[in-house]
Amino acid sequence: MCSVMSRVKPVQRALAATRRLRTNTEGSRCAAADNRRFSPGVTSGSDPRRSYCSRMAQSGGLLFRQLFEAESSTYTYLLADSESREAVLIDPVLETIDRDLKLLQELGLHLKVAVNTHCHADHITSTGLMKKRLVGLKSAISKFSGASADIQLAEGDHIAFGKHRLTVRETPGHTDGCVSLVSEDLSMVFTGDALLIRGCGRTDFQQGSAKKLYESIHEKIFSLPDHCLVYPAHDYLGQTVSTVGEERQFNPRLTKSLQEFVKIMNNLNLPKPHKIDISVPANLVCGVHEV
């Protein structure tokens with residue numbers, strides 16, 4: 001009996017060690033999954049359309065969501081103060097208005113301002129229709145956009161929500177009315193169609209100017225800290241976020257001289273956005289034209 005027990009005890013110890021190892025491994029996997037879920041710009045789930053992407057900023061009580069509209073490859077950004085529940089929505093799209101309103105309700109947020117980074121040519125904004133469904137909501141756009149809105153934005157203006165605020169930097173070039181929005185701690189910049197990930201907005205329509213765009217990006221965006229996260233209005237390759245340092249170093253267009261950049265932009269020969277004829281007139285009146 002003693003010899004049997006002496007053989008059993010090592011086996012029991014081995015099994016116990018295996019169970020501990022499995023528990024630790026599974027714990028590590030869960031922790032890794034949590035890290036991926038709350039990392040900036042990492043897609044939630046396996047949907048290749050990246051229809052929903054989220055992060056909760058742990059410092060400063062900032063709630064942040066990155067949302068995606070597949071047809072125009074547009075990102076919509078929701079930022080909110082976790083204490084006051086006041087929120088700002090950047091570049092909302094008409095087709096996803098129900099999704100956005102549902103998320104606001106689920107998270108218990110009060111949307112103060114819906115802002116467009118410029119007058120879009122590839123989709124219709126939902127700001128006008130959203131104002132009809134949310135009492136007290138204000139729309140905002142650059143005063144140089146030619147579009148109507150409750151708030152006409154200019155360089156240095158602030159969009160406040162709770163204890164947080166975004167600062168407006170005028171970044172014309174894609175259009176005259178393009179703005180980028182910078183977080184107060186300079187950790188995030190929402191660049192609209194001015195700076196994209198390893199690219200930039202086109203300059204061949206809507207008052208486009210390659211020279212203006214080059215100067216805007218270098219003076220207003222590349223002057224931000226290297227670690228500042230870049231969140232564009234669009235991405236067509238599955239990329240969700242970059243940094244100022246990365247774009248300054250690796251952007252294939254903006255690492256060129258001004259003369260080379262202008263030549264590149266003047267020879268893109270891109271097709272006209274297929275929704276431009278309906279999107280621009282609608283967006284000039286806050287997206288409510290014939291909606």
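Among contacts in the chain between residues at least 6 apart in sequence, what percentage join residues at least 24 apart? In this predicted model, the figure comes to 60%. The chain itself runs to 291 residues, and 47% of them count as buried. Its secondary structure is made up of 7 helices and 15 strands.

Turning to the inside, the largest nonpolar core brings together 22 residues. Leu79, Ile90, Val115, Leu166, Leu181 and Phe190 are the ones with the most contacts inside this core. Setting aside neighbours within four places in sequence, Leu181 touches Ile90, Val115, Leu166 and Phe190, among others. The list of its contacts also includes Ile159, Thr167, Val168, Met188 and Val189. Val189, for its part, belongs to a second, separate core of 18 residues, which also includes Ala210, Phe222 and Met265.

A search of the whole structure turns up 1 cavity of 30 Å³ or more, and about 60 Å³ of space lies in the largest cavity. Which residues line the largest cavity? Among them are Asn116, His118 and His120, along with Thr125 and Thr127. Ser139, Ala140 and Ile141 also sit in this lining, as do Ser148 and Ala149. Asn283 and Cys286 complete the set. Strand β6, which spans residues 138-142, supplies the largest share of the lining, with 3 residues. Sorted by class, the lining of the largest cavity holds 8 polar and 4 nonpolar residues, and no charged ones.

An α-helix has 3.6 residues a turn, so residues three or four places apart point the same way. Cys286 follows α7 and has a positive phi, near 65°.

Finally, there is the largest pocket, with a volume of about 670 Å³. Its lining counts 30 residues, and those nearest the centre of the pocket are Leu196, Arg202, His234, Tyr236 and Leu270. How does the lining of the largest pocket split by class? There are 11 nonpolar, 10 polar and 9 charged residues. The lining of the largest cavity, by contrast, has no charged residues.

Key:
Residues are numbered from 1 along each chain as its sequence is written. This is a predicted model: local features need pLDDT of at least 70, side-chain atom pairs count only at pLDDT 80 or more; totals for chains, interfaces and linings use all residues. Side-chain values use heavy atoms; hydrogens and water are left out. Helices (H or I, at least four residues) and strands (E, at least two) are DSSP runs, numbered from the N terminus. Buried means under 20% relative accessible area, exposed over 50%, partly exposed in between (1.4 Å probe, protein chains only). Contact means heavy atoms within 4.5 Å. A nonpolar core is a set of buried Ala, Val, Leu, Ile, Met, Phe, Trp, Tyr and Cys residues joined through side-chain atoms within 4.5 Å. On a 1 Å grid over the protein atoms alone, a cavity is a set of points where a 1.4 Å probe fits but cannot get out, and a pocket is an open set with protein on both sides within 12 Å along at least five of seven lines; lining residues have an atom within 4 Å of a point. Grid points are joined across faces, edges and corners, and a volume is the space filled by probe spheres set on the points. Ala, Val, Leu, Ile, Met, Phe, Trp, Tyr, Cys and Pro count as nonpolar, Asp, Glu, Lys and Arg as charged, and the others, Gly among them, as polar.
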